[in-house]
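This report walks through one protein model for a reader who has not seen it before. Please look over the sequence and the structure, then read on.

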Amino acid sequence: MTQRHQVVVNDEDQYSLWPADRQPPDGWRAEGFAGSKEECLSHIDQVWRDMRPRSVRLRQEDAGGDTGGDTAGDAPGGAW
């Protein structure tokens, strides 16, 4: 039988998997999606579009910096 997982998220809006039959670790909460490992990873891939921690995104937005999206143009020479 395939083990069921749940998608969990922390206060920094970072996502992970956790066994569905266990409470998430301290600092993490159930996001509301559960399924096979592959289904959960697919869900995370769809919803976690900006990998920066929430605190970094907010700090950059407050400073008028990059708010996500294509960053290739930010590097010298226009590429990483």
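Which residues make up the largest nonpolar core?

## The core

The largest nonpolar core is made up of seven residues: Val7, Val9, Tyr15, Leu17, Cys40, Ile44 and Trp48. A nonpolar core here is a set of buried Ala, Val, Leu, Ile, Met, Phe, Trp, Tyr and Cys residues joined through side-chain atoms within 4.5 Å. Buried means under 20% relative accessible area, exposed over 50%, and partly exposed in between, with a 1.4 Å probe and protein chains only. At least two residues of this core come from each of β1, β2 and α1. In soluble globular proteins, nonpolar side chains tend to be buried together.

## Basis of the model

The model is predicted: local features need pLDDT of at least 70, side-chain atom pairs count only at pLDDT 80 or more, and totals for chains, interfaces and linings use all residues. Residues are numbered from 1 along each chain as its sequence is written, and side-chain values use heavy atoms, with hydrogens and water left out.

## The sheet

Helices (H or I, at least four residues) and strands (E, at least two) are DSSP runs, numbered from the N terminus. Three strands form an open antiparallel sheet, in the order β2-β1-β3. Its edge strands, β2 (15-19) and β3 (28-35), each pair on one side only. From one strand to the next, the twist averages 35°; angles run from 0 to 180 degrees between N-to-C directions, and axes are lines fitted to C-alpha atoms, for helices over the stretch in contact.

Two strands pair if DSSP finds at least two bridges between them. Strand β1 (residues 5-10) pairs with β2 in the antiparallel sense over five bridges, and Ser16 in β2 is the bridge partner of Val8.

## The helix

Helix α1 (residues 37-47) lies across β1, β2 and β3, at about 115° to β3. The buried residues of α1 are Cys40, His43 and Ile44. They lie on the same side of α1 because they cover an arc of only 100° around the axis, taken from the directions from the helix axis to the C-beta atoms. These buried residues pack against β1, β2 and β3. On the other side of α1, Glu38, Asp45 and Gln46 are exposed.

Ile44 touches Val7, Tyr15, Ser16 and Leu17, leaving out residues up to four places away in sequence. Contact means heavy atoms within 4.5 Å.

## Ala30

Ala30 lies in strand β3 and counts as partly exposed because its relative accessibility is 47%. Apart from neighbours within four places in sequence, Ala30 is in contact with Gln6, Val7, Val8 and Pro24. The C-alpha atoms of Ala30 and Val9 are separated by 6.5 Å, with the two residues 21 apart along the chain.
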